[in-house]
Amino acid sequence: MTLNVRVSGALSDFVAANVSDTGAYDNVSEYVRDLIRRDKERVEADRFARLKAELARAFAAPEASYEILDADAVIARNRRA
């Protein structure tokens, strides 16, 4: 995939400072790829944290609050959500 992105002003200055002989990246493409990777990792970490929190709540519930569900009931419940 090829992307064309136009930045100006303060954003352009910021990118230029990070892509130079003294910057952390050799070129803009390397910088953008790294930003995308970091954002992907952040999204995955957020999803994992939400899953962990949901599982912690589920396992903390008293056993009397559990109910037996078959596959059809689970599918129907998730369609409502």
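User: Why is Tyr25 called buried?

Analyst: Buried means under 20% relative accessible area, exposed over 50%, and partly exposed in between, with a 1.4 Å probe and protein chains only. Tyr25 has 12%, so Tyr25 is buried. The model is predicted: local features need pLDDT of at least 70, side-chain atom pairs count only at pLDDT 80 or more, and totals for chains, interfaces and linings use all residues. Residues are numbered from 1 along each chain as its sequence is written, and side-chain values use heavy atoms, leaving out hydrogens and water.

User: What makes Tyr31 buried or exposed?

Analyst: The relative accessible area of Tyr31 is 8%, so Tyr31 is buried.

User: Why is the pair of Tyr25 and Tyr31 called tilted?

Analyst: Rings of Phe, Tyr and Trp (its six-membered ring) pair if their centres lie within 6.5 Å; planes under 30 degrees apart count as stacked, over 60 as edge-to-face and the rest as tilted. One aromatic pair is found in a search of the whole structure. The ring centres of Tyr25 and Tyr31 are 4.7 Å apart and the planes stand at 40°, so this pair is tilted.

User: Why does Asp34 count as buried?

Analyst: Asp34 has 17% relative accessibility, and therefore counts as buried. Asp34 lies in helix 2, residues 28–60 (helices are DSSP runs of H or I, at least four residues, numbered from the N terminus).

User: What makes Val28 partly exposed?

Analyst: Val28, also in helix 2, has a relative accessible area of 45%, so Val28 is partly exposed.

Note on methods: Helix = DSSP H or I, 4+ residues; strand = E, 2+ residues; numbered from the N terminus.
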